[in-house]
Every structure is written in C-alpha cells, then in structure tokens.
Amino acid sequence: MEQSDSFFCCKEYHKLWEESQLELKFITKYETVLQKERAQKDRDIAVKIMGCIYLQYIRAVNKLDECYDQIVQPQKRILIRNVMDSCLCRILELKHNLVEIDMSDFSFIDCLDGDYQVMLHDGELNIPKYFIQENKYEIEERKSNLKRVLKKLGCYIEEKIQKPMTHIQAVLIIQTHERARQGRLRYEFMNEIRKMRERGKQATAVTDDQGILTNAAITIQKIWRGYKCRKLFNKRKLTEMMLIGMIPQATYPDPGQKRAEEISKRRHQIQTYHDARYKQVVPGEKVRLHLRKGKILKKKYITQIREWYLKERKEKKKFPDIPSKEKGGSAAIFSVKQSKRSSSKSPKPSKGKKEKGRVWLNKNESSNFYQTHDMEMITKDKLSTVKKEIRATVDSLMRLELSRMKAAIERDRAQRRKKGKKGGKGKRGGGSSKGHRGRKGGKKARRKREKDLTPDRTLDSLFEELVSNGIIKNYPEVPLSSFLGDASFVARQWQDMGKKAEPTIGDVRRLIKEYCIIPLGSEYIHNNAPFVRSLLIAGPQGSGKHMILHGICTELGAYLFDISNDTIADKYPGKTGLTMLIHLVNKVSRLLQPSIIYMENAEKTFLKRVPKTDTSDPKRLKKELPKLVKGIGPEDRIMVIGLSSCPWESDQKSLASAYNKFINIPRPDYATMSMVWNGTLYAYNALNRQFDCMTMARMCDGYTVGVVLKIIREVLSCKRLLTLKVRPLKHIEFFKLLSGHDPVYAEEEDAFNQWFAKCPLARKKQKFFEMLEAISNKEKKKSNKNEED
C-alpha cells in the first residue's frame with residue numbers, strides 16, 4: 001500500500017474514534033451525576049448501574065483498540081493510547097467494585113444487553129493489540145534467548161522446516177502427475193474400445209431388436225436425469241443453508257480478507273515510520289525553542305518576579321516568600337492573578353467554547369494528506385514545557401536573590417542595634433540548625449530491600465541456571481481465543497429468579513482477561529489499577545487449565561517459571577537451597593517482567609495429610625509461597641498461578657493464604673460443545689458440510705473439551721482425511737473412541753462445587769444471605785405479634 005492510500009483507509013477508523021469519544025463523554029457525565037447523588041443502598045440496583053457503566057466502557061475501549069491499531073498519525077495515536085489506558089484502569093476498578101458488591105467473581109451482564117441493544121459478545125473486553133504489537137521485538141528476543149540456552153543444554157527439539165520448492169522441482173512434479181493422468185485416461189479409452197468391439201461381435205450374432213434398444217436408452221436417460229436433478233437440488237439446498245448460516249462454509253482462503261491483512265500490515269509499517277519521525281522532531285523542537293525564546297522568557301520572568309516582591313514589600317513592609325516547587329512556584333501566583341483578571345473581564349463563559357482535549361474532533365486535516373505529525377501542536381506543547389523549565393530555573397535564582405536581600409536587610413538592622421549583635425548571630429545560627437533538623441525529619445523512610453544473595457552474578461548466568469534446572473520453561477504458543485466457549489445468556493435472570501447461576505467457559509475466559517492479561521499487559525495499567533497477585537485455577541482433567549496458562553503467557557509474551565513440587569523435588573536441597581531458589585525466582589522474574597510463576601498440582605503444597613509413599617516433600621513451599629505472593633508490589637508485573645485437579649485435598653485456610661482468587665472451570669454446556677465441534681470439524685475442507693455436529697454436542701454432555709479434541713485428532717488422521725471423499729465421515733467413528741474415555745461424573749462435579757462453596761468470597765456471600773434471611777425472619781415474627789395483639 002502506498003502512503004497516498006493511508007489517509008483514505010483510516011477514514012472509517014476516524015469515524016469509529018469519534019463514536020468512542022461521544023460514548024466516553026456520555027459515560028463521564030453519567031458518572032459525575034451519580035457521584036453527586038446519595039449512595040445506593042439497594043444491592044441489585046447498584047450492580048445494575050455499575051454493570052451498565054462497565055459495559056459502556058468495554059464497548060468504547062474495543063473501538064479505541066481498533067482505532068489505535070490502524071490510525072497512522074503519531075499524535076493521535078498517543079492521545080488514543082492515553083485514553084485507552086485510562087479507560088482500562090477504570091474497567092478494572094469497576095470490575096473489582098462489582099465483585100465486592102455482588103460477592104462473585106463472575107459479573108453476569110446479560111440482563112443489560114436487552115436494555116442497551118448490545119449483543120452479548122460485544123460485552124467481552126478484547127485484549128489490546130499493542131500488548132504484543134509494540135513489544136514484538138522484545139518478545140522475539142526473549143524467545144531467541146530461551147531457544148539459545150535450551151540448544152546449549154541439548155534440550156531443544158528443533159522443528160524441521162521444509163525448504164521451499166524450486167521452480168524446476170514444481171514443474172517436474174506437475175509433469176509427472178500430468179503424464180500419469182494422461183496414462184490413466186488412455187487406459188480407460190482403450191478399455192472402452194475393447195469392450196465396444198466385444199459388444200459389436202455379440203450384436204452381430206443376435207438379431208437387432210429396435211424396441212429393446214429404445215427402452216434401454218430411455219431407462220438410461222431417466223436414471224441420468226434423476227441423478228442430475230438430485231445433485232442440483234442438493235447443491236442449491238447446501239448453498240441456501242450456508243447463506244442463512246445453518247451450515248458453515250468451507251474455510252478456503254478469502255482474497256478480500258488476505259488483502260485486508262496486507263493493508264493492515266503495511267499500515268503498521270507506516271505507523272512505525274511516522275512514530276520514528278515524530279520522535280526525531282520533538283527533541284529538536286524543544287532545543288530550538290530554548291535557543292530562540294529562552295533568553296526573552298528568562299528576562300521577562302525575572303522582571304515580573306522582581307516587580308512583584310518589590311510591590312509586596314511596599315504594601316506589607318516585608319519581602320514575601322516565593323511558593324515552593326511542589327506548590328507551583330511563581331507560576332501559581334501569576335496564574336491566580338490572571339484568572340482573576342479574566343473572570344472580572346468575562347464573568348460568563350461563552351457558549352461556543354470548546355473543551356480541552358477534544359482537539360481532533362472538528363480539526364480540518366485536508367492539508368495533512370499523509371497523516372504525518374502536526375508541527376503546530378508540537379510547538380505549542382514544547383513551548384509550555386520550555387516555559388515550565390525556565391520558570392523553575394528563574395524561581396531558584398530569585399529565591400537565592402531574595403534570601404540575599406533579606407540577609408542584607410537583617411545585617412543593616414543588626415548594625416543599627418547597639419546591643420544584641422551576638423544574640424542576633426546566635427538566633428540566625430539557631431534558625432539554621434533548626435531548619436537542618438526539619439529537613440532531617442522530612443526524609444521518608446526507605447523501603448527495606450531484600451538482601452541480594454547473588455550480587456556478583458550476571459542475569460545471563462542466573463537465567464541459564466534456572467533454565468537448566470527446568471524452572472524457566474518453554475511453552476506452546478496458544479492464543480486465549482482458542483479456549484472456546486460462549487458466555488452465559490441467562491445467568492443474571494436466573495439469579496433474580498432465585499435460581500443458582502452457573503458460569504460458562506466464556507465467563508471464565510472473560511475473567512482471565514480481566515484478572516491476568518489486562519493488568520499485566522501494560523506497566524501504566526498495573527501501576528494505576530487494582531491487580532491480582534495470585535490465582536488458583538481448578539477443574540477436572542482435560543478441562544483446559546494448561547491451555548489457559550499457555551494462553552496467558554502467549555498474550556503477554558511472558559516468561560514461565562515452574563516451581564511445582566515435581567520440578568524442584570531434587571533441586572536446591574535444604575533450607576539454604578530453598579532460600580536461594582526463592583531468591584533466584586524473585587530476582588529473575590522482576591528483571592524479566594512480565595513473568596508468570598506457576599505451580600502444577602497446587603493442592604500438594606497444603607495437603608491435609610501427606611501420603612507415606614510420597615517422598616518428594618510436597619509441603620516444602622508451604623511457608624515460602626505466601627511470602628512470595630505478598631512480596632509482589634504494584635511495580636512488579638508478576639503473577640502466581642496454581643493449577644489443581646483435586647483442590648479439596650488441601651487445607652482451605654492455608655490455600656487462601658497463598659491465592660487471592662479462585663476460578664472453578666465449569667462443565668461445558670451445549671453451546672460450548674457445539675462451538676468446539678463446529679469450529680474443529682469444519683476447519684477441514686474435505687469434510688461434508690452436512691455432517692450433524694449437533695448430535696455430537698448432545699452426546700458429549702459430561703465430557704471435557706480436552707477429551708473431545710483428543711478423539712477428533714485421533715479419528716481425523718492424515719490417512720482418514722485422504723479417504724473422506726470416497727468414504728464419508730460417520731458418527732459411529734467418534735462414538736467408539738468416546739466410549740473409551742470417562743466423563744466427569746456427578747460425584748466429582750459435586751466435590752468441585754462443595755470446595756468452591758468454601759472459598760472466601762463464596763462464604764462471604766453465603767453469610768450475607770443468611771444475615772438477610774435472619775432479618776426477614778425477625779420482621780415476620782414482629783408482624784405476627786402485632787397481628788395477635
């Protein structure tokens with residue numbers, strides 16, 4: 001794509017940006033109105049109001065993400081990025097507030113969709129594309145470093161990359177297949193001639209009956225025309241079903257989609273070029289303004305301050321103090337005066353006055369065809385920065401001048417006094433010592449740093465040690481979108497009806513984005529929004545726990561630290577070894593942020609009873625793990641994730657001391673199973689589109705998604721794919737393999753539900769409902785007594 005196309009391709013995204021601005025303006029006004037009102041005491045109404053704001057912010061952020069990814073003007077992208085980060089922080093704040101009020105990690109917003117005419121999938125927050133896009137070189141470097149160390153240790157299994165075929169090789173293959181095809185056709189042709197000769201010989205022996213031949217011809221025509229009509233009807237029916245979306249179309253490469261991807265990639269190249277030009281221009285403009293206007297502004301500010309403190313001395317008979325740097329310096333004095341003058345001149349603000357920060361909404365950009373940086377805006381921005389820097393320099397000089405003038409006046413007064421010269425000096429000395437003591441008292445207490453046990457070692461050596469011990473691991477790249485599942489459609493309505501609302505796989509995916517990926521994806525978001533230090537993901541075998549873990553690492557480009565019991569069983573022995581292990585994990589994970597520290601079989605660390613046959617010391621990290629979690633601060637983009645298939649075997653209180661949040665992966669519902677079967681099977685182009693996936697979704701009730709994917713891979717082997725056109729796929733092929741796997745039985749599902757009901761948040765909710773029930777019972781008793789009286 002040429003640069004002349006970039007502006008026209010971005011028009012749609014500019015419209016999308018305007019829509020998101022209007023939405024955000026509406027949301028902020030609505031929030032300011034709510035803040036002035038009284039606090040809402042009704043829990044259900046409060047959840048609905050906050051859920052409305054939460055949903056609107058998600059819609060706006062998803063639009064801003066599309067705009068930021070495709071708009072090429074660098075200054076616009078900076079503004080969009082700042083707005084988007086602020087909105088993401090607000091979304092996380094609202095999420096944590098919803099969790100506190102609703103006392104549930106799952107925020108069901110299905111009841112809001114009908115009021116605001118929003119589809120359910122629009123309420124799911126998209127992972128910002130810049131998490132990976134802007135850090136792709138760093139992520140590639142991380143992968144190459146890990147690959148290099150694994151190769152050095154001989155643990156890396158390199159995938160065999162097939163060399164691209166040359167033109168001559170391709171021609172030879174085509175010639176071979178064409179000659180084989182011609183040979184087969186010639187064989188069939190010669191075979192037909194031979195058969196015709198044999199039939200001719202038989203026809204001469206038997207008398208030719210014209211009626212028999214005519215009837216034979218009519219029969220052949222009848223059969224052929226019926227076959228042709230049936231084939232045409234089936235083709236039309238299949239086309240119609242695909243058109244209305246009842247049967248997914250074959251996944252052939254779409255040329256339009258391919259062209260759109262190419263345009264998007266080239267637009268990213270233009271973004272990089274424009275950003276580089278913008279970063280080159282900004283420092284030069286600042287230097288130019290310093291050289292051009294620095295002396296003039298300095299002289300102006302010095303004159304302004306001198307006139308001010310001489311005027312103050314004349315009126316108040318003493319020199320004033322210039323405000324400190326924290327209070328704004330001399331700029332605070334003159335800004336107050338200017339605001340008073342402007343308010344006296346224009347007491348009523350003009351109606352047509354534009355708000356600050358909506359700069360681009362009605363800006364005429366017809367001259368900026370290639371969407372490069374706006375030099376006028378850079379000059380204005382840097383001029384304000386230059387003014388602040390010069391003002392700070394002048395303030396420090398004038399404070400020194402003012403202190404000298406005060407000292408000179410004090411000396412004059414001291415000389416006029418015949419008595420008390422020494423006392424005056426003593427007072428001045430005492431004042432200085434007092435000020436020194438004040439400065440000492442004003443120092444902030446520094447945070448106690450952890451003792452560095454490896455001060456002389458480089459990061460590379462520590463990294464290699466952890467990789468060689470299997471603590472830093474490689475992981476398969478899996479996007480979180482591959483964790484298939486629909487969100488719950490009627491969960492909130494069921495809650496309102498008093499029924500138990502069950503979350504779905506889609507709700508779990510949304511929660512993983514809000515608790516794990518969004519807070520860790522950006523340093524600004526992690527520092528300014530609430531975050532979760534640790535998370536326990538529980539679910540039966542094959543429910544997708546490892547897919548979630550790998551999806552988190554893939555979306556963040558993070559390093560994966562494995563401190564599972566099996567991994568560290570024979571490593572770092574003794575108390576000193578354990579201290580060194582925790583120190584290395586702490587130190588390296590902080591230097592290589594973002595990082596994920598995970599534990600396989602997390603329940604083993606807090607087992608109620610350790611089996612006598614287990615010699616791996618599973619409780620080795622019982623005391624260290626809670627300390628590791630508590631040590632994660634706002635500046636550390638680190639998270640501890642535990643995976644468990646039987647969490648009820650551990651002590652509940654000890655588990656809660658190490659993990660802040662708990663997620664129980666539910667059993668896949670019919671919608672999720674349908675999505676898995678449709679999405680997986682119809683990815684194969686050779687498969688008949690009329691294969692009934694709905695039956696398979698019904699038959700797989702109770703099985704995990706992992707089992708379903710496993711049997712699909714086993715059935716649709718390479719050999720079976722080659723024979724699909726000759727021998728169509730049948731349901732019995734899946735049923736045979738499915739019967740060899742065990743489903744999630746009701747007893748195991750009840751064990752997960754009972755364990756989850758004992759988690760801190762669930763217990764809090766249960767106590768709240770018990771309190772409400774007790775209050776309602778008391779009111780009933782009072783009303784009954786009043787009726788009896």
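In the predicted model, the axes of helix α7 (residues 136-153) and helix α14 (residues 459-468) come within 10 Å of each other and cross at roughly 60°. The crossing in which α7 passes α14 is right-handed. On the α7 side the contact comprises N145, L146, R148, V149, L150, K152 and L153, which meet F463, E464, V467 and S468 of α14. By class, the residues of this contact between α7 and α14 divide into 6 nonpolar, 2 polar and 3 charged.

A further helix pair is formed by α22 (residues 670-681) and α24 (residues 705-715), whose axes come within 11 Å and cross at roughly 25°. Since an angle under 35 degrees counts as roughly parallel, α22 is roughly parallel to α24. The crossing of α22 and α24 is likewise right-handed. Here M673, V676, W677, T680 and L681 of α22 meet V705, V708, L709, I711 and I712 of α24, and the contact of α22 with α24 contains 9 nonpolar residues and 1 polar residue, with no charged residues.

These helices belong to a protein whose secondary structure comes to 28 helices and 6 strands. Among contacts between residues at least 6 apart in sequence, 83% join residues that are at least 24 apart.

Note on methods: Residues are numbered from 1 along each chain as its sequence is written. This is a predicted model: local features need pLDDT of at least 70, side-chain atom pairs count only at pLDDT 80 or more; totals for chains, interfaces and linings use all residues. Side-chain values use heavy atoms; hydrogens and water are left out. Axes are lines fitted to C-alpha atoms, for helices over the stretch in contact, and angles run from 0 to 180 degrees between N-to-C directions. Helices (H or I, at least four residues) and strands (E, at least two) are DSSP runs, numbered from the N terminus. A crossing is left-handed if the near helix is turned anticlockwise from the far one by less than a right angle, and right-handed if clockwise. Contact means heavy atoms within 4.5 Å. Ala, Val, Leu, Ile, Met, Phe, Trp, Tyr, Cys and Pro count as nonpolar, Asp, Glu, Lys and Arg as charged, and the others, Gly among them, as polar. Angles under 35 degrees count as roughly parallel, over 145 as roughly antiparallel, 65 to 115 as roughly perpendicular and the rest as oblique.
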